[in-house]
Amino acid sequence: MSDSKSSLIWFNGEHVPEHQATVSVLSHALHYGTSVFEGIRAYKTHKGTAVFRLQDHIQRLFDSAKIYRLKQPYTQEQVEEAIRENLRVNGFESAYIRPLIFAGNVGLGVGSAQGKNCEVMVASMQWGAYLGEEALEQGIDVCVSSWNRVAPNTLPSGAKAGGNYLSSQLINEESHRHGYAEGLALDVNGLLSEGSGENVFLVKKGKLYTPPLSAGILPGITRDTIAHLAKRLDLEVVEQNIAREALYLADEVFMCGTAAEITPVRSVDRQQVGAGKCGPVTKQLQTAFFGLFNGETEDSEGWLDFI
Ligand code: PMP
């Protein structure tokens, strides 16, 4: 993540320099992972800076907090406005935005955070393509991870909770150690799930396939955006269980997320996918997606929230 040191952070209702936005080493979240967060992007568009799907991200943030019964004192609208304000005070035209709700120094009992108000912060930073600019064009090499995604009724994958990212770190670190850009995990049943920080789509004979929410995935907002854009492009999207080998036989594979945007996958486990570069359907979706920001794709859903 790039330098956020000089930027202001919204912390419990006020904008403060980063060095003042501090927490105790006894924070509950630090010991037990008691936090939920979002990753959001603001784009410089033809009509000014806009946060992409702000309300949907903040809804998911509050849903994540609800799953864990984390209390905090702000409304969704207040957090949304804190984000717009944070971009304005920092003068960012585009940014990666990180809101976080976490249990602070409430005592070290596992149950100490229950019923207490959490702390809330919003940070913004300048951040380019997560997997590299080149990756958006040429694609990345990924492996199937030896780590499975979290199982149902263990840690809910539908919550974007800090603790879930221990699973992501295992997947991502292993992939890097073996020379890949990213890892794709299977779920506890051995079916395709998602990457460490991205959902995944396969293209076969012109149709799009993606794992269902029951496959241990985060319900990605980019995944949902792609489903909408695909419909507009007359591309069928099938949400179904996907076997590992389908990755090797796909015409195209791509990963998607707020950070990763739409990143083609050129090989899986060193087997070339399709032509080994960004395929035509992936390209079509990338063009439609980035078109939302340069005005070539109509924002008919009202996804752009101008600051
Ligand atoms: N899965 C995981 C595990 C993620 O961390 C992310 C990034 N938030 C995604 C999928 C993609 O979600 P979104 O498109 O909402 O960023």
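**Ligand shell.** I looked up what surrounds the ligand in this predicted model. I found 16 residues around the ligand. The closest are Tyr165, Glu194, Ile221, Thr222 and Thr258.

I then sorted the shell by class. Four of its residues are nonpolar, seven are polar and five are charged. I also checked which elements supply the shell. Helix H6, spanning 221–232, gives at least two residues, and strand S14, spanning 252–257, likewise gives at least two.

For Tyr165, an N or O atom of the side chain lies 2.4 Å from an oxygen atom of the ligand. For Thr222, I read 2.5 Å between a ligand oxygen atom and an N or O atom of the side chain.

Next I looked up the ligand's surface. Taken alone, the ligand exposes 390 Å². The protein buries 95% of that.

**Pocket.** I asked where the ligand sits. The ligand is in the largest pocket.

**Ser124.** I turned to a single residue. Ser124 belongs to strand S7, residues 119–125. Is Ser124 buried or exposed? I noted a relative accessible area of 1% for Ser124, so this residue counts as buried; the cut-off is under 20%. I also looked for a polar partner. The side chain of Ser124 makes a polar contact with the side chain of Asn86, at 2.4 Å.

How values were computed:
Residues are numbered from 1 along each chain as its sequence is written. This is a predicted model: local features need pLDDT of at least 70, side-chain atom pairs count only at pLDDT 80 or more; totals for chains, interfaces and linings use all residues. Side-chain values use heavy atoms; hydrogens and water are left out. A residue is near a molecule or strand if one of its heavy atoms lies within 4 Å of it. A polar contact is a pair of N or O atoms within 3.5 Å; within protein, one must be able to donate a hydrogen and the other to accept it, and residues adjacent in sequence count only if both atoms are side-chain atoms. Accessible areas come from the Shrake-Rupley method with a 1.4 Å probe; for residues, only the protein chains shown count as cover. On a 1 Å grid over the protein atoms alone, a cavity is a set of points where a 1.4 Å probe fits but cannot get out, and a pocket is an open set with protein on both sides within 12 Å along at least five of seven lines; lining residues have an atom within 4 Å of a point. A molecule sits in a cavity or pocket if more than half of its atoms lie within 2 Å of its grid points. Helices (H or I, at least four residues) and strands (E, at least two) are DSSP runs, numbered from the N terminus. Ala, Val, Leu, Ile, Met, Phe, Trp, Tyr, Cys and Pro count as nonpolar, Asp, Glu, Lys and Arg as charged, and the others, Gly among them, as polar. Buried means under 20% relative accessible area, exposed over 50%, partly exposed in between (1.4 Å probe, protein chains only).
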